[in-house]
Amino acid sequence: MKIICIGRNYTNHIEELKNERPAEPVVFMKPDSAVLLKQHPFVIPEFSQDVHHEIEIIVKISKVGKYIEPKFAYKYYDEISVGIDFTARDLQARLKEKGLPWEKAKAFDGSAVIGDFLPKTDFASMENLTFGLTNNSEIVQKGNSSLMLWKIDELISYVSQYFTLKIGDIIFTGTPEGVAAVKPNDVLEGFLEDKKLFRIQVK
């Protein structure tokens, strides 16, 4: 199983981090060891003093595909959820300054939270999904898939030009504005529409 992540897919998030708006999707990957195990807390790694939460809609690939046309992409996933792409922002900034890859800041152990999956048939449209993150019961991030620069089916088509998609692969589709540092004892809960799909504690 591989985790394919999309960066800079919401205009307001691009602006809050003062990044350039990309001409095409920004793609990076996490190994399967990045998945935070169910019922486990997220432990802030020793190498960072500024780990940020990034809530995202995620999709689970349900059939093998390569060079998928956008109009057929909906056939390649049946379930969706929300997850967190934890990011060591201080380490990422240092890597970006040197023009180096982000993996150490994005793909470390436990950096990928994967919520409980729901059938996409539970939802009227993949292009109008409201999702959000609470920290200690306060809303800290809220987004809607209608605001994506590249929609889910477009992303599936795009990444399949480079990587064969296999059953069980996960695509993180980008985060809206509101990213911020986490601290010990924070409790993070992720929602898709009105459904809570994960709850984790930070240590």
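## Close-up views of a predicted model

F42 is buried, and F86 is buried as well. Both residues belong to a model that is predicted. The legends below take one part of the model at a time.

**View 1. F42 and F86 form a stacked ring pair.** A pair of aromatic rings is described by the distance of the centres and the angle of the planes. The ring centres of F42 and F86 are 3.7 Å apart, and their planes meet at 10 degrees. Planes under 30 degrees apart count as stacked, so this pair is stacked. The two residues come from distant parts of the chain, 44 residues apart. F42 sits in the loop between β2 (26–30) and β3. F86 sits in the loop between β5 (77–85) and β6. The two rings also belong to one aromatic cluster, made up of F42, F47, F86 and F108.

**View 2. Y162 and F163 form a tilted ring pair.** The ring centres lie 6.5 Å apart, and the planes are at 50 degrees. Planes under 30 degrees apart count as stacked, over 60 as edge-to-face and the rest as tilted. That is why this pair is called tilted. Y162 is exposed, with a relative accessible area of 51%. The cut-off for exposed is over 50%. F163 has a relative accessible area of 27%, so F163 is partly exposed. The count for the model comes to 7 aromatic pairs.

**View 3. Two lysines sit over aromatic rings.** K60 places its charged end over the ring of F117, 4.4 Å from the ring centre. K120 lies over the face of Y77, and here the distance to the ring centre is 3.9 Å.

**View 4. β5 is a mostly covered strand.** Of the 9 residues in β5, 7 are buried. Strands of a sheet pair through backbone hydrogen bonds, either parallel or antiparallel. Strand β4 (residues 55–61) pairs with β5 in the antiparallel sense, over 7 bridges. Look for I57, which stands opposite V82 in β5. Strand β8 (residues 118–119) also pairs with β5 in the antiparallel sense, over 2 bridges. There, E79 stands opposite P119 in β8. β7 runs antiparallel to β5, and 3 bridges join them. G83 has I114 in β7 as its bridge partner.

**View 5. Three strands form an open sheet.** The order is β6-β3-β12, and the pairing is antiparallel. The edge strands are β6 (87–88) and β12 (180–181), and each pairs on one side only. Strand β3 (residues 51–53) pairs with β6 over 2 bridges, in the antiparallel sense. H52 has T87 in β6 as its bridge partner.

**View 6. The largest pocket holds about 240 Å³ of space.** Its lining has 14 residues. K38, Q39, F198, R199 and I200 lie nearest the centre of the pocket. β14 provides the largest share, with 5 residues. By class, the lining has 8 nonpolar, 3 polar and 3 charged residues.

Technical notes: Residues are numbered from 1 along each chain as its sequence is written. This is a predicted model: local features need pLDDT of at least 70, side-chain atom pairs count only at pLDDT 80 or more; totals for chains, interfaces and linings use all residues. Side-chain values use heavy atoms; hydrogens and water are left out. On a 1 Å grid over the protein atoms alone, a cavity is a set of points where a 1.4 Å probe fits but cannot get out, and a pocket is an open set with protein on both sides within 12 Å along at least five of seven lines; lining residues have an atom within 4 Å of a point. Grid points are joined across faces, edges and corners, and a volume is the space filled by probe spheres set on the points. Helices (H or I, at least four residues) and strands (E, at least two) are DSSP runs, numbered from the N terminus. Ala, Val, Leu, Ile, Met, Phe, Trp, Tyr, Cys and Pro count as nonpolar, Asp, Glu, Lys and Arg as charged, and the others, Gly among them, as polar. Two strands pair if DSSP finds at least two bridges between them. Rings of Phe, Tyr and Trp (its six-membered ring) pair if their centres lie within 6.5 Å; planes under 30 degrees apart count as stacked, over 60 as edge-to-face and the rest as tilted. Buried means under 20% relative accessible area, exposed over 50%, partly exposed in between (1.4 Å probe, protein chains only). A charge sits over a ring if NZ of Lys or CZ of Arg is within 6 Å of the ring centre and within 35 degrees of the ring normal.
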